[in-house]
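Here are my notes on the model, for reading alongside the coordinates.

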Amino acid sequence: MCSIIGFSGNEIAAPIIVKGLKRMEYRGYDSVGVATESENHIELKKGIGKVTEVNSKFQLDTLPGKIGIGHTRWATHGKVTDLNAHPHPSNSGKIAIVHNGIIENFEELKKQLEDDGYNFKSETDSEIIANLLQKNYESTKNVKDTIMKTVSEIKGHYAFVAMFENGQLAAARFHEPLIIGVGQENIFLSSDVLGFIEYTDNAIYMKSGNFVILENKEFEILDFNGEKVKHEITKVSKEFGDAYKGDYAHFTLKEIYEQPELIFKAGERTVEGIEEAVKYIKNAKNIYITGSGTSYNSALIAKQILSKYVKIKSEPIIASELQFAPETIEEDSVLIAISQSGESADVLEAVRIAKKSNCKIISIVNLLTSSLTRKGDVVLGMNCGPEIGVAATKSFTAQLLVLYKIVQKLNQNITINFEEFSKSISEILENPVKIQEIAKELKEVSDVYILGRGINYPIAIESALKLKELTYIHAEGIPGGELKHGPLALMDTDVFVIVINPKDSTYTDTLTSAREIKARGAKIIGVSDIESDVYDYWIKIPKINEILYPISEIIPIQLLTYYSALEKDTDPDYPRNLAKSVTVK
Ligand code: G6P
């Protein structure tokens with residue numbers, strides 16, 4: 001999603017802003033821009049591409065002055081063009097803004113502003129904010145009243161930073177993240193702590209419906225009615241400082257390789273939380289589990305393990321779907337909300353709906369400073385450290401581990417030897433040569449189907465998601481038994497099929513499916529602890545406690561999709577059109 005940053009301090013702003021934008025790259029974007037103020041004049045440079053590319057083309061970091069704003073854009077309104085990139089100046093050029101979110105009534109406001117003589121250079125909803133601020137500033141003559149009037153006129157979910165020609169900065173937050181970084185000499189306004197972590201670990205998480213005015217390092221936080229608001233400074237975890245690739249070629253690869261270690265850490269700080277979560281689960285009328293993307297796939301596995309190992313029924317719900325069927329949620333139930341970022345708008349909306357029905361919320365979240373953390377009655381931390389690669393890898397494993405720990409608490413007979421499990425995961429990762437060879441085969445393939453039954457079916461879906469995200473190959477997860485009800489028609493010599501086939505109760509049926517597919521000429525990649533002549537390629541997984549199969553299956557597939565991305569020359573860390581944390585609905 002778009003990242004915004006504002007800076008006011010004792011140092012030249014532009015290079016600091018460019019560095020901050022680079023650190024927030026993982027959030028996903030398509031264009032970049034910076035504007036600074038110097039001697040009562042605003043200068044601005046922007047263009048499409050990566051931060052490094054746009055910076056070397058336009059030298060964003062040479063803009064003058066100690067006050068500035070910056071932005072990486074993830075297109076929502078208007079194509080990916082230089083003109084649509086932020087910052088957007090107002091018509092007078094005396095105000096410039098950066099914005100994350102969506103202005104829902106932008107067409108109406110644009111029409112009014114055009115009637116007043118304003119013209120628009122971009123197709124974005126964001127440019128409305130710049131001109132509306134100018135209009136309101138010209139009538140109110142002060143920043144506070146200008147912001148109050150502007151936020152009362154715009155509808156939607158947003159965070160924006162506005163820079164005025166006199167060097168004042170103002171930023172408003174409505175349901176999109178905005179954090180103030182408070183350094184000794186420098187103040188930051190950013191969507192993400194990574195925007196300023198190099199300079200300060202003092203953060204103020206602004207509340208939705210608040211705005212801040214910043215002038216010469218002095219700032220004041222107010223609500224949308226103009227009343228002063230007290231703030232609290234939070235020490236941001238230093239672990240964010242670890243967001244470096246180290247010796248790895250990509251964050252995604254580093255994060256895949258961190259998994260054997262996080263087996264011990266996931267849920268580690270949440271022992272009491274798990275006990276509390278279990279109490280809620282035991283007393284709940286119904287249990288719903290929600291998430292988006294990979295986190296939803298964890299919800300699918302949660303349903304299966306809760307039913308199989310503790311005989312508790314639950315209903316997984318795709319977060320973005322709940323708003324269309326809010327009546328699904330019965331009063332006095334529990335919603336388990338799973339999200340790595342804790343900022344996915346769809347998940348937050350699902351939580352809002354569940355709370356309306358008096359449900360308790362169990363949040364399983366990685367970013368403990370996120371909005372979802374603040375909304376949970378119980379918060380269980382994934383503790384897997386910052387995940388920068390846009391496609392979720394280690395956070396999926398961490399989510400499953402937290403869920404296993406809940407199930408273990410509910411059924412003391414389930415024993416998991418985490419030490420041994422960690423070792424067997426390391427073995428998968430130790431020798432990727434075979435996986436690299438299979439990745440070469442996938443280079444020219446346009447369709448991959450992934451088959452799994454029972455608890456392995458969500459892994460088939462998650463594998464398909466990883467293939468789509470990292471390699472742009474069309475991929476589909478199929479429940480094994482459904483093959484003969486349609487997908488078999490697609491099987492021919494151009495197709496690759498991955499069968500998820502551990503030696504559990506699904507083994508024999510899935511092997512039969514593999515033979516049926518092979519008879520139609522498709523190539524089979526078997527992910528199994530047992531070799532078979534039906535597999536053209538065998539990805540060996542360790543023999544383990546069957547509850548753990550999902551993790552040992554997905555890890556080699558994460559590696560396979562990573563190496564396939566390299567073969568296809570796509571960027572595994574930043575897939576096109578995707579964002580790490582989707583903060584718009
Ligand atoms: C985005 C990412 C996905 C991720 C999903 C949910 O769509 O591209 O990789 O699975 O968001 O993210 P969350 O932070 O809520 O787990």
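1. **A loop residue to check.** N358 lies in the loop between α11 and β18 (360-365). Helices (H or I, at least four residues) and strands (E, at least two) are DSSP runs, numbered from the N terminus. N358 is not a glycine, yet its phi is positive, at about 65°.

2. **Ground rules.** This is a predicted model, where local features need pLDDT of at least 70 and side-chain atom pairs count only at pLDDT 80 or more, while totals for chains, interfaces and linings use all residues. Residues are numbered from 1 along each chain as its sequence is written, and side-chain values use heavy atoms, with hydrogens and water left out.

3. **Domains.** The assignment for the protein chain gives domain 1 (3-241), domain 2 (244-414) and domain 3 (430-585). These bounds come from an automatic or database domain assignment. The centres of domain 2 and domain 3, taken over C-alpha atoms, are 24 Å apart. Their contact (heavy atoms within 4.5 Å) takes 38 residues from domain 2 and 36 residues from domain 3.

4. **The sheet.** An open sheet is built from eight strands, with antiparallel pairing. Its order is β3-β2-β4-β1-β10-β9-β11-β14. Two strands count as paired if DSSP finds at least two bridges between them. At the edges sit β3 (41-48) and β14 (234-235), each pairing on one side only. Strands β2 (residues 31-38) and β4 (residues 67-73) run antiparallel and are joined by seven bridges. V34 stands opposite G70 in β4.

5. **Helices on the sheet.** Helix α1 (residues 13-23) packs on the sheet and touches β1 (3-8), β2, β4 and β10 (187-190). Its direction makes about 25° with that of β4. Helix α2 (residues 51-58) lies across β2, β3 and β4, and runs at about 125° to β3. Axes are lines fitted to C-alpha atoms, for helices over the stretch in contact, and angles run from 0 to 180 degrees between N-to-C directions.

6. **Largest pocket.** Which domains line the largest pocket? Domain 1 (3-241) and domain 2 (244-414) both give residues to the lining, so the pocket lies between them. A pocket, on a 1 Å grid over the protein atoms alone, is an open set of points with protein on both sides within 12 Å along at least five of seven lines; lining residues have an atom within 4 Å of a point. The volume is about 660 Å³. Volume is the space filled by probe spheres set on the points, and grid points are joined across faces, edges and corners. Of the 27 lining residues, R173, M206, K207, S208 and R374 lie nearest the centre. Two or more residues each come from β11 (202-205), α11 (345-356) and α12 (371-375). The largest share, four residues, is from α11.

7. **Lining classes there.** The lining of the largest pocket divides into eight nonpolar, eight polar and 11 charged residues. Ala, Val, Leu, Ile, Met, Phe, Trp, Tyr, Cys and Pro count as nonpolar, Asp, Glu, Lys and Arg as charged, and the others, Gly among them, as polar.

8. **Second largest pocket.** This one has a volume of about 460 Å³. Its lining has 26 residues, with S292, G293, A579, K580 and V582 nearest the centre. At least three lining residues come from each of domain 2 (244-414) and domain 3 (430-585). Helix α9 gives the largest share, three residues. By class, the lining has 11 nonpolar, 12 polar and three charged residues.

9. **Largest cavity.** The structure holds three cavities of 30 Å³ or more. A cavity is a set of grid points where a 1.4 Å probe fits but cannot get out. The largest has about 280 Å³ of space. It is lined by 26 residues, and Y26, R27, D192, E343 and L367 are the closest to its centre. Domain 1 (3-241) and domain 2 (244-414) each give at least three residues to this lining. The classes are 12 nonpolar, seven polar and seven charged.

10. About 70 Å³ of space lies in the second largest cavity. Its 13 lining residues include R73, T76, H86, D125 and S126, which lie nearest its centre. Strand β6 (residues 95-103) gives the most, with three residues. H86 is also joined to P87 by a cis peptide bond, with omega about -5°. P87 is in the loop between β4 and β5 (88-89).
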